[in-house]
Amino acid sequence: MIGSVIIIGAGIVGASCARSLATRGVDVTVIDRSAAVSGTTAGGEGNLLVSDKAPGSELTMALHAAALWPRLSAELANELGTFPDMEYEQKGGLVVATTAAGASPLLSFATAQRDAGVQTEELTIADALRLEPDLNPAITAAVFYPQDSQVQPVIAAEALLASARRHDARVLQNAPITGPVLSADGALVGVTTPTETVRADAVVIAAGPWSGEVARTLGVLLPVFPRRGIVLVTSRMRHRVFHKVYDADYVGAVGSDDAALQTSSVVESTAAGTVLIGSSRQQIGFDASMRTEVMAEIAAKALRLFPFLADHQVMRAYGGFRPFMPDHLPLVGPDHRLPGLWHATGHEGAGIGLAPVTGDLIAAMMVGAEPELDVAPYSPSRASLAPFLTEVA
Amino acid sequence: MVSRLIPFRDDPIQPSEPTPVTITFDGEPLSGVVGQSIAGVIMANERLGFRRTSANDAPRGVFCGIGVCFDCLVVIDGVEDVRACQRRARDGDVVTTQHHTLPEGEGS
């Protein structure tokens with residue numbers, strides 16, 4: 001039984017772990033090297049997707065998350081009162097194939113997902129155009145995913161943190177981790193920052209793509225790598241995109257191991273009337289430069305879905321780093337190599353959606369309750385990760 | 001904030017005599033001078049609200065004034081979402097404020 005926990009990273013995953021633990025009576029300290037919610041959580045779109053996940057352990061977690069979010073957003077709104085609205089909306093995802101060759105892979109992917117419990121609706125082209133009247137009519141197949149949702153990730157993470165604070169969690173900002181505190185028998189029992197030493201029964205690394213760096217500081221090697229993404233934002237316009245609409249080749253880009261640039265269209269509108277256009281994936285370390293060739297490719301591909309966007313202006317662009325795992329599964333659980341160390345990271349582009357489930361799993365394991373899902377697939381000691389632990393070490 | 005057009009004879013930068021320009025703003029004729037932006041003409045006539053937001057129906061006007069923020073969007077001669085601060089006023093321009101309500105019945 002764990003009574004006190006340090007969480008490293010105040011993004012949405014750290015915030016979820018903090019709330020799940022603090023509401024179960026655990027003494028929680030969240031430590032972030034800079035300001036809370038200023039990293040990966042603030043650099044994405046806030047997609048809560050089941051549609052891009054193939055049957056398997058990540059989809060299991062995503063389906064659980066899809067059921068959890070409506071309850072969580074209502075709970076937080078109730079608890080926090082006047083807090084800003086986190087804009088949770090189950091707007092649904094429309095996935096379309098834009099080539100003749102792409103149609104049948106999309107439909108068979110959707111069939112496999114349906115067998116795994118995902119709600120899917122295969123649409124005729126005419127029905128797809130009724131959902132999205134400005135969609136390119138030259139699409140070759142369309143599947144609607146009613147469970148796909150979105151949230152404003154920064155507000156959601158701040159709300160989770162605020163709730164944790166109400167349950168007496170402490171949040172230390174601008175406090176980089178400088179080293180471990182080890183017990184006489186070698187267990188991790190705390191961390192040091194430039195100004196203080198914090199002790200606890202366990203330490204959770206929830207530092208997204210910087211988790212590898214934090215782990216190294218604490219004495220273990222961890223294969224979490226940054227995967228760059230860029231999003232374009234148009235100026236506001238009359239609402240003409242009503243769901244999350246994306247090109248079926250997005251699924252291939254998410255699951256790929258390729259380090260080179262990959263782009264795939266994801267288009268959605270915000271309440272303000274701006275349209276967010278993604279997506280890109282590129283492994284270039286922590287290079288945060290805005291690359292025009294990436295932006296140009298994203299913009300050009302978006303026109304395959306919505307030709308009308310050609311007449312609109314891109315107002316700005318932003319980017320972030322996803323925490324990429326070489327075996328494409330989140331890392332949630334105790335580290336078998338260093339007693340006292342736990343991980344809650346490696347969700348790649350799905351961390352916003354999967355954060356609440358991750359927090360609940362960590363908390364259940366720590367307080368000795370039965371986790372709501374089988375946690376073995378996410379364990380740092382899983383077989384699929386072993387070769388990478390050796391390779392990195 | 002108050003914006004006003006200085007009579008050209010009082011203007012310390014001593015411009016040449018301006019040519020007047022007239023536009024309509026939500027049907028009302030507003031006068032300005034050639035060279036002013038649409039935003040300049042509207043503000044010199046003491047109007048500050050150019051549009052209302054979809055989410056909260058809140059007024060928006062000139063925020064940055066240099067084409068970056070896209071807050072001062074208006075409809076000009078039927079074209080939506082034109083930045084009033086970036087468009088020179090031309091005689092006879094028909095300018096209207098805009099407001100788009102949120103789409104209803106999200107999802108299918």
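Predicted model: local features only at pLDDT ≥ 70, side-chain atom pairs only at ≥ 80, totals over all residues.
Let's start with helix 1 (residues 12–22) of chain A and helix 5 (residues 153–166) of chain A, whose axes come within 8 Å and cross at roughly 30 degrees. Angles under 35 degrees count as roughly parallel, and helix 1 of chain A and helix 5 of chain A are therefore roughly parallel to each other. The crossing of helix 1 of chain A past helix 5 of chain A is left-handed. Helix 1 of chain A brings I12(A), A15(A), S16(A), A18(A), R19(A) and A22(A) to the contact, while helix 5 of chain A brings P153(A), A156(A), A157(A), L160(A), L161(A), S163(A) and A164(A). By class, these residues split into 10 nonpolar, two polar and one charged.

Now turn to helix 2 (residues 57–80) of chain A and helix 9 (residues 351–367) of chain A. Their axes also come within 8 Å, but cross at roughly 85 degrees, which makes helix 2 of chain A roughly perpendicular to helix 9 of chain A. From helix 2 of chain A, M61(A), A62(A), H64(A), A65(A), L68(A), W69(A) and L72(A) meet G353(A), L354(A), P356(A) and V357(A) of helix 9 of chain A. Nine of the residues in this contact are nonpolar, two are polar and none is charged.

Finally, step out to where the chains touch. Chain A gives 17 residues to the contact and chain B gives 13. On the chain B side, five residues are nonpolar, five are polar and three are charged.

How values were computed: Residues numbered from 1 in each chain as written. Chains lettered and ligands numbered in written order. Contact = placed C-beta atoms within 7 Å. Nonpolar A, V, L, I, M, F, W, Y, C, P; charged D, E, K, R; others polar. Axes fitted to C-alpha atoms, helices over the stretch in contact; angles between N-to-C directions. Helix = DSSP H or I, 4+ residues; strand = E, 2+ residues; numbered from the N terminus. Parallel < 35°, antiparallel > 145°, perpendicular 65-115°, else oblique. Left-handed = near helix turned anticlockwise from the far one by under 90°.
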